[in-house]
Amino acid sequence: MLSRDRLLRGALALPTVAYVVAFFIVPLVVIVVYSFARVSLVTFNISFDWNLDNYRRIHDPLYFDTLVRSVVLSVGATFGCLLLGFPLAYFISRQPRAWQRVLLVFVIVPFWTSFIVRTYATVNLLEEHGPLADLLRALHLISGPLTVLYTPRAVAIGIIYSYLPLMVLPIYVALERIDDELLAAAADLGASPQRVFRRVTLPLALPGVAVGCVIVGIPAMGEYVIPEILGGGKTLMLGNVITDQFLTVGDIPFGSAIAVVLMALMAVVLIATRRFTRVEAG
Amino acid sequence: MNDLDHDTIRIALSRRQLLRRGAQLGAGLPAAAWLLAACGGSSSSGSSAATTGGGPPPASAVKGTAVLQNYSGWMGKHNIPDFEAKYPGASIKQVSTGAISSSATAQVLKNNPGAFDFALGDLAFVGQALAAGIMQDADFSAIPNIKNVDEKFRKAFSHSVPSDYGKVGIGYRKDMVSEPISSWADVWQLAPKYSGKIVFLDYDRDCLGSALRYKGYSGNTTDPDQINAGKQALIDIKPHLLAIKAYDVASSLVKGDAAIVMDWDYDVALGQGQDSNIEWVLPEEGAMAYLEGWNVIKDTKHLDVVNAFLNFFLEPKQYADFVNTTGTAYVMAAATPYIDKSISSNKALIVDPATLSNVEFENFLGEATALYTQAWDEFKSA
């Protein structure tokens with residue numbers, strides 16, 4: 001009977017497992033294998049001689065600087081999301097249940113529109129003659145043109161705007177799970193509201209913060225649509241280099257090597273985050 | 001502006017720009033493109049008898065489905081329906097792979113043997129495809145209408161059927177720029193004055209090639225020092241650039257966000273249709289240009305269909321439909337009577353010997369392609 005249940009469970013999982021293997025594991029293995037290959041950019045003949053040349057090329061200052069720029073921008077954008085997302089999640093979690101649902105819908109609303117459309121909409125918003133510029137001029141906060149679009153600041157704004165809901169939701173879940181009696185007990189024991197927040201709320205919210213940082217920071221690191229559209233093609237990030245190698249140059253082995261390095265970096269971040277959250281959990 | 005003109009603008013804007021946007025949709029696109037190509041494998045039910053010369057075969061003898069790798073929307077509105085009406089047993093299936101360069105397109109074709117019968121590609125693609133052994137010379141005895149194409153284009157695109165070309169020149173707003181502009185040197189000289197109001201193209205061969213012309217070199221040079229000089233010129237002007245864009249370049253002029261742009265002729269022409277203050281300049285140092293056309297894939301099983309379509313496409317009225325739909329600069333003066341006045345009277349788009357004498361087509365550079373890529377990435381990263 002037990003083995004039949006196991007078989008049934010296995011059969012239920014089979015489609016998902018097959019899907020993941022076909023569309024994640026196999027492509028991943030192909031990319032890793034290609035990263036050790038060599039391609040002739042004239043004939044496109046690929047030789048699989050397991051060399052490390054593609055990985056050595058990443059040490060070129062051009063690509064290394066791009067990697068650093070990607071890390072700095074993604075860390076900055078993640079921090080920005082955290083700075084804006086935590087207070088918002090905290091505010092929502094302190095509202096009556098019905099209001100929480102309404103406010104969460106507002107957080108999720110941007111996801112109802114295509115990511116590309118939202119990013120192009122941001123272009124219109126940040127334009128020199130756009131509504132934001134008009135508003136800032138009306139408030140006498142700027143007098144000249146608004147020079148944000150097509151700069152790294154625009155890229156950061158775009159990433160924060162696009163990824164903010166991904167930061168808010170896990171933090172909200174962590175905050176919402178905090179038992180009110182814990183907060184009441186801390187207050188009864190003489191802790192000030194600030195101390196309650198620092199010693200009770202914040203530590204219990206940290207797993208949510210960690211998850212938020214991971215799901216914002218990791219895709220932001222490989223981001224290339226936002227730099228292309230909002231950066232005006234002037235802010236080269238690692239995602240753009242990978243795209244160029246695959247879609248423009250045709251150097252699939254080198255593009256694969258950069259992708260593998262990026263994935264390795266993300267894996268390190270994931271493992272570190274997991275350890276951090278375990279330690280915090282006790 | 002009439003409805004047709006509006007349509008022309010909308011569709012022509014979709015050419016390289018939509019390709020570029022398509023490339024932004026996700027990292028999985030190359031795989032998706034290859035899957036698409038694989039799914040687009042040509043029908044095996046058609047005739048495999050190759051035309052051996054002596055003109056096109058009778059319509060009733062042309063059977064099967066030929067698969068064309070093409071940019072999205074880069075075909076006349078009526079070209080394929082009219083062809084299929086004239087050749088009831090034949091059809092054309094268009095597939096866009098999402099590859100955004102000659103190299104990447106050639107690689108997609110190389111990795112998917114049998115998936116395509118012919119492909120749109122420029123001179124750089126032709127060189128690459130010949131080197132990679134994935135295309136064959138067109139059999140012009142089966143495409144007698146090739147005679148309708150102007151000689152310069154036929155000679156330059158001798159392996160295949162040229163369809164169109166695009167010059168990289170200067171667009172500027174007369175109401176924002178007080179000085180006359182006639183050269184790339186003017187653009188570089190005026191850059192500090194119009195800092196933050198200049199947009200350049202986001203294509204390495206077009207942009208770096210134009211910088212090389214500015215420095216007095218060929219845009220097809222393979223000399224590393226000259227390529228470096230071109231790159232340095234771009235790095236020098238970069239602080240003054242508002243953006244480096246692959247799309248909406250002319251719209252930056254129309255909106256007034258940019259005063260000067262490096263742009264393709266057809267895009268500036270579209271901008272001129274919306275704002276008469278926009279001026280097109282063919283730079284004195286010479287303009288780089290892509291010249292592209294339909295290339296026959298090696299060992300295609302539907303050569304009869306491909307040849308019949310190419311011959312049909314080169315009938316002046318059919319070719320005019322292609323030009324009217326896409327708004328491109330054209331390669332067949334014989335089609336001028338059928339081409340919309342808004343295109344045929346635009347000096348950026350007409351077939352003009354004086355203009356063509358100052359145009360350099362972008363060729364395949366072999367291993368030197370990597371030098372351009374490296375220089376381009378350094379410019380983008382600077």
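This is a predicted model: local features need pLDDT of at least 70, side-chain atom pairs count only at pLDDT 80 or more; totals for chains, interfaces and linings use all residues.
1. Chain A, make-up. Chain A contains 12 helices and 2 strands. Their order along the sequence is α-β-β-α-α-α-α-α-α-α-α-α-α-α. The C-alpha trace of chain A spans about 75 × 75 × 30 Å along its principal axes.

2. Chain A, burial and contacts. Chain A has 282 residues, and 35% of them are buried. Among the contacts in chain A with a separation of 6 or more, 71% join residues 24 or more positions apart.

3. Chain B. Chain B has 17 helices and 11 strands. Its length is 382 residues, of which 57% count as buried. For contacts in chain B with a separation of 6 or more, the share from residues 24 or more positions apart is 77%.

4. The nonpolar core. The largest nonpolar core holds 181 residues. The residues with the most contacts inside this core are A:Y163 and A:I171 from chain A, with B:I260 and B:F309 from chain B. Helix α7 of chain A, residues 152-176, gives the most to the core, with 17 residues.

5. Around A:I171. Which residues are in contact with A:I171, leaving aside its neighbours within four places in sequence? They are A:G85, A:F86, A:A89, A:A205, A:G208, A:V209 and A:G212. A:I171 is also one of the residues through which α7(A) makes its contact with α9(A).

6. Around A:L166. Another residue of helix α7 of chain A is A:L166. Is A:L166 buried or exposed? A:L166 is buried, because 21 other C-beta atoms lie within 10 Å, and the cut-off for buried is 20 or more. Not counting residues up to four places away in sequence, A:L166 touches A:G212, A:I215 and A:V216. As for A:F23, it is 143 residues from A:L166 in sequence, and the two are 24 Å apart in space, C-alpha to C-alpha.

7. Packing of α7(A) and α9(A). Two packed helices are described by the angle between their axes and the distance between the axes. For α7(A) and helix α9 of chain A, residues 193-221, the angle is about 155 degrees and the axes are 8 Å apart. The two helices are therefore roughly antiparallel, since angles over 145 degrees count as such. Their crossing is right-handed.

8. Residues between the two helices. On the α7(A) side, the contact is made by A:I159, A:Y163, A:L166, A:M167, A:P170, A:I171, A:V173, A:A174 and A:L175. On the α9(A) side, the residues are A:L204, A:A205, A:P207, A:G208, A:V209, A:V211, A:G212, A:I215, A:V216 and A:A220. By class, this contact of α7(A) with α9(A) has 17 nonpolar and 2 polar residues, and no charged residues.

9. Contact between the chains. How many residues of chain A are in contact with chain B? There are 26, and they meet 32 residues of chain B. On the chain A side, the elements giving two or more residues are α3 (61-93), α10 (225-230) and α11 (238-249). Of these, α11(A) gives the most, with 6 residues. The side of chain A that touches chain B divides into 13 nonpolar, 8 polar and 5 charged residues.

Definitions and conventions: Residues are numbered from 1 along each chain as its sequence is written. Chains are lettered from A and ligands numbered from 1 in the order in which they are written. Two residues are in contact if their C-beta atoms, placed from the backbone, lie within 7 Å. Helices (H or I, at least four residues) and strands (E, at least two) are DSSP runs, numbered from the N terminus. Ala, Val, Leu, Ile, Met, Phe, Trp, Tyr, Cys and Pro count as nonpolar, Asp, Glu, Lys and Arg as charged, and the others, Gly among them, as polar. A residue is buried if 20 or more other C-beta atoms lie within 10 Å of its own, exposed if 12 or fewer, and partly exposed in between; C-beta atoms are placed from the backbone. A nonpolar core is a set of buried Ala, Val, Leu, Ile, Met, Phe, Trp, Tyr and Cys residues joined through C-beta atoms within 7 Å. Axes are lines fitted to C-alpha atoms, for helices over the stretch in contact, and angles run from 0 to 180 degrees between N-to-C directions. Angles under 35 degrees count as roughly parallel, over 145 as roughly antiparallel, 65 to 115 as roughly perpendicular and the rest as oblique. A crossing is left-handed if the near helix is turned anticlockwise from the far one by less than a right angle, and right-handed if clockwise.
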